[in-house]
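Here is a briefing to read beside a protein structure. Look at the picture first, then work through the points below.

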Number of protein chains: 4
Amino acid sequence: MGDNGRTTVGIVGASGYGGVQLVRMLCEHPKVDLVYLGGDSSAGKSYGDIYPHLAHQVNLTVEAVDIDTIASRCEVVFLGLPNGLACKIAPQLLDRGCLVLDLSADYRLTDMEVYKAWYGSADRADHEVLSKAVYGLPEIYRDRIPHTNLIACPGCYTTSSLLAISPLLKQGLIEPDTLIVDAKSGTSGGGRQGKINLLLAEADSSLAAYGVTRHRHTPELEQVCSDLAGHEVKLQFTPHLIPMVRGILATVYATLRDPGLVREDLRTIYSVFYQNSPWVRVLPNGIYPQTKWACGTNVCYLGLEVDARTNRVIVMSAIDNLIKGQAGQAIQCLNLLKGWEETLGLPKLAFYP
Amino acid sequence: MGDNGRTTVGIVGASGYGGVQLVRMLCEHPKVDLVYLGGDSSAGKSYGDIYPHLAHQVNLTVEAVDIDTIASRCEVVFLGLPNGLACKIAPQLLDRGCLVLDLSADYRLTDMEVYKAWYGSADRADHEVLSKAVYGLPEIYRDRIPHTNLIACPGCYTTSSLLAISPLLKQGLIEPDTLIVDAKSGTSGGGRQGKINLLLAEADSSLAAYGVTRHRHTPELEQVCSDLAGHEVKLQFTPHLIPMVRGILATVYATLRDPGLVREDLRTIYSVFYQNSPWVRVLPNGIYPQTKWACGTNVCYLGLEVDARTNRVIVMSAIDNLIKGQAGQAIQCLNLLKGWEETLGLPKLAFYP
Amino acid sequence: MGDNGRTTVGIVGASGYGGVQLVRMLCEHPKVDLVYLGGDSSAGKSYGDIYPHLAHQVNLTVEAVDIDTIASRCEVVFLGLPNGLACKIAPQLLDRGCLVLDLSADYRLTDMEVYKAWYGSADRADHEVLSKAVYGLPEIYRDRIPHTNLIACPGCYTTSSLLAISPLLKQGLIEPDTLIVDAKSGTSGGGRQGKINLLLAEADSSLAAYGVTRHRHTPELEQVCSDLAGHEVKLQFTPHLIPMVRGILATVYATLRDPGLVREDLRTIYSVFYQNSPWVRVLPNGIYPQTKWACGTNVCYLGLEVDARTNRVIVMSAIDNLIKGQAGQAIQCLNLLKGWEETLGLPKLAFYP
Amino acid sequence: MGDNGRTTVGIVGASGYGGVQLVRMLCEHPKVDLVYLGGDSSAGKSYGDIYPHLAHQVNLTVEAVDIDTIASRCEVVFLGLPNGLACKIAPQLLDRGCLVLDLSADYRLTDMEVYKAWYGSADRADHEVLSKAVYGLPEIYRDRIPHTNLIACPGCYTTSSLLAISPLLKQGLIEPDTLIVDAKSGTSGGGRQGKINLLLAEADSSLAAYGVTRHRHTPELEQVCSDLAGHEVKLQFTPHLIPMVRGILATVYATLRDPGLVREDLRTIYSVFYQNSPWVRVLPNGIYPQTKWACGTNVCYLGLEVDARTNRVIVMSAIDNLIKGQAGQAIQCLNLLKGWEETLGLPKLAFYP
């Protein structure tokens, strides 16, 4: 803890989009001091040189990643690294007593065989560390979070989809194998890297699916869905790239077990399920979520519809992919880890339009 | 026929987005002369005052709608009017010997009860005319088109969806009741009208579903699907508004009857189904359609995927909603009506990016 | 003052874009209670029905505009009405002791002849009220603001342009008659109204100037420039509509009086000029402002360049048109009126990207 | 010439945005056969693998660049390479009898000292070749084009700006040193390369100037302006990056020599100046060009305004940066080189919206 009674926090991988969200929000968080920014590719640069609009508020220089330095300065470390790197440094940080919140996929899947099948990675030596990680989706695993020192923050698609699906599975309302998630994301989800398909000239005024049948958020989704259903669930997940910067909309389809269920019932079930979840808003009947409402906030908006003609439920879920889908949710987990208010330091009102 | 041996053509409702697409393409069509533009709200205006970029090419003034005037000048009349108006003037034009291509919904549904249920309209007196209308989706009803004088041009969502679905149903490959169409459209589909939700300030950088369970293209889809399947089909259709001007992507999901079917089989089946359809392109394995490839053209691009894990087929279909989804398809129908090459006067190469 | 020691605040014209910005920021302002929303067109509607994403935070119903009701409940009233309406109700509110912040053009121009020439309006009876209004650009008129009860909040283009120009004129660095302002704005500046030219289908993927030589922010600009220069200034102002929702960039050109002035000098001059202005950031040499850095904040970013080849200064100024260009600046003025910190309750960190 | 009497054409550097525009338009040009595509980075790839939407129309494989191969197959060669490469291969192609149209900057500047100052390049050995190059802006140098075998195709900003400026300078209407060009471009002008600042996540919903006082199109502009004025002209040129794919709008400001000149005079002068230029459209009074009108076409739209208050002329010029600003203009030059109709094979009608 810092001299001022505030918690000292560092970010490894601070120059990407996840990193800059964390920086922005941690700067305004009332209980933390952001004291360290690490990243090998930007090492030595002032953070204000990377993001000039933050120069006035953030007076830190990005440092080369050194475990002992980090551990000596930070109680809490956020890892915003590409997949496959966090698992190399998280164990060392945990050994030195840090709380670790990992934004990558490294600790999300509990079954190493599933991990290898979807990520094509070789064996890892950190099974023991992995077994202690808690999947950082507070709305489902709120009770477990305070009891770990390693949070595996969920993927952005997974977050939006699971918040739509969970009440259905938990209450046994649907046939699990009929679950289809058609998800749409802004291009910031692709990260701050110079890929041709993420250029404005390519991605603007256009629209396409990608990773059909094989996107890596699928096994995450199935892991949590199976946990909720009490048996193995296989579902269909299709992501699309949308010509906008931020926001995810997940449109979820499933066949109802009880053909008599109506929209009002569903709204009651969702409202009860999320009654202690301050970041989920179940919309009134007939109102469908706009991603714009969620952008710049940690809120998830849910819209519900039942189709009596086809006996299906359709649930729409909108989040900001970089906040509730990534950095905001990590801070929400930090709040729970530290026993603070779950809403502390997180933005709740979108600018509109 | 005009003195020059070219077919004389008029457009009623020329100032909307459907109208301006027709004007633009008919101007470059080698076998027609555009001789009449009608529309009550713009009557008296030079077309170049409405669309200044066309002033150099189009030297016509919009006229108040008068049936006798139209019939005296035009062999062929395109109707680009709001729903419920075409059925008032089409019968009179047909009586006077015109060929009529209606871009509205008035003649799309063959069952008047279904029409009333979805459009909420009162009884119509033109049952006999309706019974002669042919649904103008050439890839399915190519043979019927030359034998009518009234074409009911399909909706934009319907076109993109049906081109994705038809081979599946025709070949009996899927369980029809598992059909889900998750469709995404640019905002030009909402027409040239000052609606708040279509403002750039509202629709840009955002994304939402609308008309969930009750969009009016649903009964059109079901009508043709039922025709192809040989029995009644009910499907799920969900449209979304995308922050872009033009283009539709329909993502279609269905459960396969034969779990052994692979992507290569599907590609063969689609290629054969569309072998005589010059405007459909079945993409190679692993390539998914970008709406941008279709924009400014009459082409429909289809991408195919099979998921062995879930036993589902996923078909993606991209069109320009205003061309293959509306005005281009109407001209394609005109080509067939007149016995011309199906590709005549229609754009086939997109600008990219 | 409310029972809790907080200042009671109302908004007349709360449903437009200026209104919703005010609502959003006043909800988070630590010294005010938002107690009244007025508007005739939305009267009777819950605010959450107009903006569903705010339903959770704003529990107010829009009321028909009644002066006595407003004055009985509100110490401070923001007027977010179309031009020509504020001047009808501001005098009555002032009579009843309210502080009034008007976001329209009604009280911006001190010379009624100029007002009539540019706004085409008939004579007004409220000359005395007008003479007490202070132009609410704190960076220039900070000292006058606490001594009035009527603030004429500046136009969005005017704000961005004047913050770029003022140090040049105040220090006599340029030939005033060479001033050219080429300004670019997102479409939200056009308001929440169903105009064809503001549709996404029209304004996206396109770009054009409008109001060339005759935009109504011109006389406002000239009034303040003349005040700063000490003599009449006539300048060129050209606005453009940019395919984005929020943000203004003003690019200002002027010929230097002293050909020896270099960029470093200019940076010093600007830094000194704005040393007590917490909302203006003068960027380092070679860094030019992105509107995105300002969006969602009350910050103005200024970039400076000197061209020794042409002996011109080029100043670029980026703001959020709806915050520093409108609602945020009004709250900044309220802070000054009430003697609070100038930065109170206003957002300073943009989300990026 | 090919066996069919058509001219054989090749493109070196076919995979970038300039290249794909050329491919698209040359495929539809009635007098040429596209027989060769070259490019080292894409060598060996089928063109349809790079641009799947063209696979149906373009059955060519990109080949490694070999001068003798090119010369043996192609009468005409378009070079779509980064700056500094064309000057290495153009001399060899010319030696072998090819007509060369270079889209880079290598042959645009006639004064090698100016070239070195702005491009920072070392001495070049091809002075003699350079001296024969004609600047390929047909509206100004139409008569010279047929008499060369090497066309230096102008930059995109230069084209839009010069078409706005030329009549003013040619007629001596303005003070040349007051010329300011404030230009705005879509991001496709930055090319098909993975640069961070061109990502949709960075460039969308934002706006900024770049290269202020030092963009390399400045000396091109000044070279032609000086040629037209008959004396050296120095002007101000400021480019901006706009959140859209295609299109440039140049807004040009200059002080009039004759304060009595009115808008109608100007329109007459421009109409006469461009009376033999089929690709320039001078808009009616009060109509300002939208870039969208030009997109997908080789047309330049010009809007004119005179401000009697400030004694300035404002000219707005809209083009498609990749067509009239690049590939289309190159084909226009080819038409002139070969004595064909200047409009042959070039698109003239935009899709709208």
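Predicted model: local features only at pLDDT ≥ 70, side-chain atom pairs only at ≥ 80, totals over all residues.

**Nonpolar core**
- The largest nonpolar core has 391 residues.
- F78(A), F78(B), F78(C) and F78(D) have the most contacts inside that core.
- Leaving out residues up to four places away in sequence, F78(B) touches several residues, including V9(B), L22(B), L101(B) and I331(B).
- In soluble globular proteins, nonpolar side chains tend to be buried together.

**Salt bridges**
- Over all chains, the whole structure holds 76 salt bridges.
- One of them pairs E342(C) with R142(C), at 2.9 Å from N to O.
- E342(C) follows α13 of chain C and R142(C) sits in the loop between α7 and β6, so this pair ties together parts 200 residues apart in sequence.
- Both E342(C) and R142(C) are buried.
- In chain D, R73(D) and E63(D) form a salt bridge, with their closest N and O atoms 2.7 Å apart.
- R73(D) lies in helix α3 and E63(D) in the loop between α2 and α3, so the bridge links parts 10 residues apart in sequence.
- R73(D) is partly exposed, with a relative accessible area of 33%.
- Salt bridges with shared partners join D182(A), K184(A), D182(B) and K184(B) into one network.

**A loop residue**
- T213(B) is in the loop between β8 and α10 of chain B.
- Its relative accessibility is 14%, so T213(B) counts as buried.
- Beyond its neighbours within four places in sequence, T213(B) contacts residues of chains A and B, among them E305(A), I314(A), W118(B) and F237(B).

Note on methods
Residues numbered from 1 in each chain as written. Chains lettered and ligands numbered in written order. Heavy atoms only, no water. Helix = DSSP H or I, 4+ residues; strand = E, 2+ residues; numbered from the N terminus. Buried < 20%, exposed > 50% of the residue type's maximum accessible area, 1.4 Å probe, protein only. Contact = heavy atoms within 4.5 Å. Core = buried A, V, L, I, M, F, W, Y, C linked by side-chain atoms within 4.5 Å. Salt bridge = Lys/Arg side-chain N within 4 Å of Asp/Glu carboxyl O.
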